Amino acid sequence: MKILFIISNLANGGAERVISTLCDEFSKMGDTCEILYFEQNSGYYEYKATLTHLPLYEKRGILNKLNKFWHKLSKFWRINKAIKKSNSNAVISMLDQTNINVLISTFFAPKSVIISEHTDERELKSRFWRAMRRLLYPRAKALVVLNESEKNYYNFSKNAKVIYNPLNADFLSPSAPANKENIVLCVGRLESVKNYEFYLKSLALLQPDLRKNWRFIIAGDGSQKERLLALNNELKIGAEFIGHAKNTKELYAKASILALPSKSECFGNVLAECISFYCARISTPTAGASELITHAKDGIITSELEFAKALEQLMSDESLRASLAKNALRRLADFEPAKIAFKYKELMLS
């Protein structure tokens, strides 16, 4: 079976990691994969697939230079042509605007298009794109979402299925919870949606005697870096901003607590990745957290008003951290790549 993945950009995001893992699993099943991407390939992930670059947003030729409308319109023809050329049995498109472009491109040439959403539906702000999403998503063969809340929102789209992001083998083998340090770890982009400004203000509310015995590490880069560094200095928190970390396993292995203070998370990959490293998880009440954490059993879900208090309790109680981390191990089977790939294959063959 030939499977074509379509995505705008091959960067270091969660959707790209999912494609990399699925390509690996499909190759084990004897399938071949191709990835069609429109912008850049950062080289962050390895793909067992043919990579095809379609420079969709680069102006080409005199007509495009003279006529912006023609340039925008021609992209649908170019996507359609690339899909036909791939000679694939199934198409899997990733992320909202790419999904819309693919569905428009295949409007008059039906194809087995499966679309996949990896962000909170509220993240798409444009009224135009939201209207296009509502109009076109029902044309897809299936829609893959990451939690039940998103599935309920997309009730206008036929055949919506909840399929989790897979974890690769590095994150599926529990390691002994030895050498844990007093570290509260955050992993994520330094952008507004990750809510780090609120997080730093919450850390300022912790008891000083408790706080001085812990390290607060934030791994990630983004547009808010300078602002957050200034706030960190102003509040005298001493949080450590270490930039983008390529090998997060080492951080998970040392950290006792994984904190996710986001405003919204459709899934929250870090909540799954840290499980096998015995990190006690605490999160704001996002859709992803509600899907991946059973409150007070295998993690803590708490409101922004109670976040500092809940984090303080977790930092103060080693037995609570150990209990939550141990209970979370039961969830690892939900993220096995072979199981996730099989669910995608069922959609393709249905």
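Q: Is the crossing in which helix 7 passes helix 13 left-handed or right-handed?
A: This is a predicted model, where local features need pLDDT of at least 70, side-chain atom pairs need 80 or more, and totals for chains, interfaces and linings use all residues. Residues are numbered from 1 along each chain as its sequence is written, and side-chain values use heavy atoms, without hydrogens or water. Helices here are DSSP runs (H or I, at least four residues; strands are E, at least two), numbered from the N terminus. With the near helix turned clockwise from the far one by less than a right angle, helix 7 passes helix 13 in a crossing that is right-handed.

Q: At roughly what angle do the axes of helix 7 and helix 13 cross?
A: Let's look at residues 196–203 (helix 7) and 307–316 (helix 13). Their axes, lines fitted to C-alpha atoms over the stretch in contact with angles from 0 to 180 degrees between N-to-C directions, come within 9 Å. The crossing angle is roughly 60 degrees.

Q: How many residues apart are Tyr164 and Phe267?
A: Their ring centres are 5.6 Å apart and their planes are at 50 degrees, so this pair is tilted. Tyr164 sits in the loop between strand 7 and strand 8, and Phe267 in the loop between strand 11 and helix 11. The pair links distant parts of the chain, 103 residues apart.

Technical notes: Rings of Phe, Tyr and Trp (its six-membered ring) pair if their centres lie within 6.5 Å; planes under 30 degrees apart count as stacked, over 60 as edge-to-face and the rest as tilted.
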